[in-house]
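Open the model in your viewer and keep the selection panel at hand.

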Amino acid sequence: MDRAWAPAPECLNGCEDEESADVQIAIIGGGIAGLAAAYELERARAQGEPVGYTLFETNPRLGGTLASEIVSGTVLERGPDSFLTEKSAAAELCRELGLGGDLIPSNDAARKTWIVVHNRLISLPDGLMFLVPTRLLPTALTRLFSFSTKLRMGLELLYPPRASQGDESVAALVERHFGAEAVDRLADPLLSGIYGGDVTQLSAQTVLPRMVEMERKYGSLTRGMLAAHRQVRTHAKAPVPNAKTGGVAIFTTLRGGMQQLVDTLVARLDPACLRVGTPVQSLERSRTGWRVEAGGKSFLCDGVIMASPAWAAGVLLAPVDPELGEELCGIPYSSSITVNLIYDEASLGTLPEGFGFLVPASEGRAMLACTFVHRKFSGRTPPGKAVLRAFLGGMKNEPLLAESDAALVATVRRELSEILGAKIIRPDAEPEHVQVSRWRRAMAQYAVGHKERMVRISARLTALPDLRLAGNAYDGVGIPDCIRLGRQAARDLLALKLDAAASSR
Ligand SMILES: Cc1cc2nc3c(=O)[nH]c(=O)nc-3n(C[C@H](O)[C@H](O)[C@H](O)COP(=O)(O)OP(=O)(O)OC[C@H]3O[C@@H](n4cnc5c(N)ncnc54)[C@H](O)[C@@H]3O)c2cc1C
C-alpha cells in the first residue's frame, strides 16, 4: 500500500492481522449496508484476494435499525420486521448464509389492511394495486371513498398519456389522477407506513417511478397497472412460496427475527476487523489513500465505503469535498418510534381480521400504523399471545420522540382502545410486556428532486473513485436495497483497487 503520510506510531493499517493485504478498505457504519459490504470483502478474502478491511460503528452493537429481541418466546422487532420478497437481494443473502430454512413468508391469505376514517376501520377495497384501483365493483362499493372520488377514479381510465414535466410530489401525482381524498386516505397512510414520510414532500419520480412511467405510456394509471399485472402473471417465479396461497409472499422474515440475519452475518466476519463503539471522527484524503480518525487512532486505507446515514457521511466528507458534503447533508431523514405490546389473547376481544391498520394524518393521531404481529407471520408468538406493534412519529410528528416511554405507551393504549373499541382493548387489559424503541433520523426521505441530487452526487464521486456510498439514502430504503448497495460498493471498490495494486507492481 502506497502511503502519502508517514504513519503515526499509533497508526493501524486496517485489521491488525492483515498487515500483508495489498488493499485496505474502511467501512463506516455497521448497519445492514455496512455489514453486507464487510461480508462481501470477507468472502473475497476467503477466496484469496489480498484485501483487509476495518468496519467502524458508533454504537456498541452492530445491525443499525435491524434489532429484534425474543421475550418469553415472542419475537419483538424494534425496527424492520421483514423485507419485500420481490427484491431478491435479502433472501439471496439469507440463503447464502444458510438461513434459507428459516425464511418465513407473510400469511398473505389472511391479509387485509384497514384504514382509520373518523375513528372507524374501513378495509382497503379488493383490487387496489398499491395506490391504484383496478377492480370496478369493489371500488364502487367501498366506504373508503366518497361518490365524487369514485366517479373520478372511473374517469381516470380515460386519461391520455402525459410526458413527465419534471419531478413533483407523490401527493400531486395521486391527486391529479384520483383526487385529494385518495391522497388523504390512501397515499398518505400507505407511504407514512413505509417512509414515515410526508406525501407532499416525497418525490414521485423516485418513490413511484413505475407510476410516472405508466402515466407517460398509458395516461391512466389504472390501465397501466392492469397491463403490468398481466405481464407479472406471465413471468412470475416464486422465490419464497407462501404455503397457503401457493404464490409469492409479499413479505419475508426470519424465524429468529431480523436480528438473526445480523448475528449470522457478524459471525462470518473477522472480529479483529470490527470496531464497535468507535465513531469515525474525521476523514482526510491524499493522492494515494485515506486517513480515518476513530477512537483516538488513525487508520490508513486505500478506499472508504461510507455506510453511515447520509447526514453523518456529509459531515465527514465536507472537508474532502464541500459540495458533496452539502448534497449529502441535504437528504432529509425522518424519525420514528415503535411500541410493541404483548398481550394474553384472553385479555383482548376479537381483533378485526388481517394484519392491522393505517392511520391517515388527517385523523390527528400519534399512531401512523398498527400491525397485528401474531397474524402477519406464523410462529412469532407462543399460542395464546398477541403482539400489537404501533408505529409513530414520521416527518409530521417528530416532537413525539421527546416523550417518555410511559407517556408513549399510554398514548398507544388509549388510541388502540379508541380505534378498535373498548370491547377489544379494554382499559383494564394490561399488556404483559411493553417495548419502546426510538429511531432518530433513521429513514431517508426521497424528497422532490432526489433524482437530480443523485446525479449531482454521482458527478462529485467521479473525482473520488476510492469512495463508495451505501445505505438507505440513495437508491431504495428497504433492507434488500441496502444489502444490494453494500455488496455492490464492496465489489466495485475492491475490483478497482486490486487492478490499481496489480498495475503498480
Ligand atoms: C422503525 C423502522 C422500521 C422499518 N421497517 C422496515 C421493514 O419492515 N422492511 C424494510 O425493508 N425496511 C424497513 N426499514 C428501513 C430499513 O430498516 C433501513 O432503511 C435500513 O436498515 C438502513 O440500513 P443502513 O445500513 O443504510 O443504515 P443504518 O441501519 O441506519 O446504519 C447506519 C449505521 O451507521 C452508524 N454511524 C453513523 N455515523 C457513524 C460514524 N461517524 N462512524 C461510525 N458509524 C456511524 C450508525 O450508528 C448506524 O448503526 C425500517 C426502518 C425503521 C427505522
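One term before the first stop: a residue counts as near a molecule or strand if its C-beta atom, placed from the backbone, lies within 6 Å of it. This is a predicted model, where local features need pLDDT of at least 70, side-chain atom pairs count only at pLDDT 80 or more, and totals for chains, interfaces and linings use all residues. Residues are numbered from 1 along each chain as its sequence is written.

**Stop 1: the ligand**

Select the ligand and the 36 residues that surround it; Gly 29, Gly 31, Gly 64, Pro 80 and Gly 471 are the closest. Helix H1 (32–46), strand S2 (51–57), strand S17 (333–344), strand S21 (433–444) and helix H16 (479–504) each give two or more residues to this shell. Helices (H or I, at least four residues) and strands (E, at least two) are DSSP runs, numbered from the N terminus.

Now colour the shell by residue class: 18 are nonpolar, 16 polar and two charged. Here Ala, Val, Leu, Ile, Met, Phe, Trp, Tyr, Cys and Pro count as nonpolar, Asp, Glu, Lys and Arg as charged, and the others, Gly among them, as polar.

**Stop 2: the domains**

Colour domain 1 (16–63 + 259–331 + 446–504), domain 2 (127–217) and domain 3 (334–444); the bounds come from an automatic or database domain assignment. Which domains each give at least three residues to the shell around the ligand? Domain 1 and domain 3 do, and their centres, taken over C-alpha atoms, are 35 Å apart.

**Stop 3: the sheet**

Next, show the open sheet of five strands, ordered S12-S2-S1-S16-S22 with parallel pairing; two strands pair if DSSP finds at least two bridges between them. At the edges, strand S12 (274–276) and strand S22 (467–469) each pair on one side only.

Zoom in on strand S1 (residues 23–28) and strand S16 (residues 303–306), which run parallel and are joined by four bridges. Ala 26 has Val 304 as its bridge partner in S16.

**Stop 4: a residue in H16**

Finally, pick Ile 483 in helix H16. Is Ile 483 buried or exposed? Ile 483 is buried because 30 other C-beta atoms lie within 10 Å (buried takes 20 or more around a residue's own, exposed 12 or fewer, partly exposed in between, with C-beta atoms placed from the backbone). Draw a distance to Leu 93: the two C-alpha atoms are separated by 8.1 Å, though the residues are 390 apart along the chain.
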